[in-house]
Amino acid sequence: MNIKINKINKDNIKNILDIEITSFPTPWDEKLYLSMLRNNRYHLYGAFLDDILLGYIVLYDSVDIIEIIKIATSKDYRKKGIASHLLQFVIEKYNLDFMLEVRTSNINAINLYKNFNFKDISIRKNYYKDTNEDALIMKREAK
Ligand SMILES: CC(C)(COP(=O)(O)OP(=O)(O)OC[C@H]1O[C@@H](n2cnc3c(N)ncnc32)[C@H](O)[C@@H]1OP(=O)(O)O)[C@@H](O)C(=O)NCCC(=O)NCCS
């Protein structure tokens, strides 16, 4: 697959929302995405096959560290390397330490992050308010 990674713009938001609602128990809405696009601390990238959005990543730039606050792939295209493409792209682009938190039950995502050398840092108990689930904090240090 010839996947291209591009910055997300407001024309892509509808497609993001289609993936978002099938990927997350508490999906973010259009207003939130538009506000992130206006805030230069947030960086949003999409993985495109031709012009079709198949996945996206949302980063928060904390100056000396990048937080991955969301990554998702369209259900029909999972396990084909789309999220790996996105992670590879941002790791090369920013060359900084990365941090994230992930539900301890989200084995798919944890496996993905481990492939990219993210290490377990700590557990935040009852972090997710919808299910009271714990968050695993992971960090990847720049070489
Ligand atoms: C997690 C997610 C982003 C992975 O996207 P993806 O495009 O399928 O990931 P990739 O194809 O690049 O897979 C990379 C690695 O992730 C892991 N992985 C992905 N799907 C998996 C599955 N169903 N079972 C086990 N491991 C899985 C594997 O380690 C895989 O590497 P491998 O193919 O060498 O085994 C996707 O499942 C998703 O959108 N989930 C819902 C949203 C979510 O939970 N996001 C993360 C928290 S913000």
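What is the order of the strands in the open sheet of seven strands? The order is β1-β2-β3-β4-β5-β7-β6, with mixed pairing.

## Basis of the model

This is a predicted model, in which local features need pLDDT of at least 70, side-chain atom pairs count only at pLDDT 80 or more, and totals for chains, interfaces and linings use all residues. Residues are numbered from 1 along each chain as its sequence is written. Helices (H or I, at least four residues) and strands (E, at least two) are DSSP runs, numbered from the N terminus.

## The sheet

In the strand order β1-β2-β3-β4-β5-β7-β6, β1 and β6 (119-128) stand at the edges, each with a single partner strand, so one side of each is left without a neighbour in the sheet. From one strand to the next, the twist averages 25 degrees. Two strands are taken to pair if DSSP finds at least two bridges between them.

Strands β2 and β3 run antiparallel and are joined by eight bridges; Ala 47 has Gly 55 in β3 as its bridge partner. Seven bridges join β3 to β4, again in an antiparallel arrangement, and Tyr 60 stands opposite Glu 67 in β4. The pairing of β4 with β5 (residues 97-103) is parallel, with four bridges, and here Ile 68 faces Leu 100 in β5. At the β6 end, β6 and β7 pair in the antiparallel sense over six bridges, with Arg 124 opposite Ala 135 in β7.

## Hairpins and positive phi values

The hairpin of β2 and β3 has two residues between the strands, and Asp 50 takes a positive phi near 55 degrees there. A residue is buried if 20 or more other C-beta atoms lie within 10 Å of its own, exposed if 12 or fewer, and partly exposed in between, with C-beta atoms placed from the backbone. Asp 50 counts as exposed because it has 8 C-beta neighbours inside 10 Å.

In the hairpin of β3 and β4 there are three residues between the strands, and Val 63 in the turn has a positive phi of about 70 degrees. The hairpin of β6 and β7 has four residues between its strands; Asn 132 in the turn has a positive phi of about 65 degrees. Asn 117 lies in the loop between α4 and β6, and its phi is near 70 degrees, a positive value in a residue other than glycine. With 13 C-beta neighbours inside 10 Å, Asn 117 counts as partly exposed.

Of the ten residues of β6, the number buried is zero, so β6 lies largely in the open.

Two residues are in contact if their C-beta atoms, placed from the backbone, lie within 7 Å. Leaving aside neighbours within four places in sequence, Ile 5 is in contact with Tyr 45, Ala 47, His 85, Leu 86 and Phe 89. The C-alpha atoms of Ile 5 and Ser 122 are separated by 31 Å, although these residues are 117 apart along the chain.

## Helices on the sheet

Helix α3 has 13 residues and reaches 19 Å from its first C-alpha to its last, close to the 18 Å expected at 1.5 Å a residue; the expected span is 1.5 Å times one less than the number of residues. The buried residues of α3 are Ile 82, Ala 83, His 85, Leu 86, Leu 87 and Val 90, and these pack against β1 (3-7), β2 (42-49), β3 (52-61), β4 and α4. After α3 comes Asn 95, whose phi is positive, near 50 degrees.

Helix α3 lies across β1, β2, β3, β4 and β5, running at about 40 degrees to β3. Helix α4 lies across β5 and β7 (133-140), at about 160 degrees to β5. Axes are lines fitted to C-alpha atoms, for helices over the stretch in contact, and angles run from 0 to 180 degrees between N-to-C directions.

## The ligand shell

The ligand is surrounded by 21 residues, the closest being Thr 73, Ala 83, Ser 84, Asn 111 and Leu 112. The elements that give two or more residues to this shell are β4 (65-73), α3 (82-94) and α4 (107-115).

Helix α4 gives the most to the shell, with six residues. By class, the shell has eight nonpolar, nine polar and four charged residues. Ala, Val, Leu, Ile, Met, Phe, Trp, Tyr, Cys and Pro count as nonpolar, Asp, Glu, Lys and Arg as charged, and the others, Gly among them, as polar.

Definitions and conventions
A residue is near a molecule or strand if its C-beta atom, placed from the backbone, lies within 6 Å of it.
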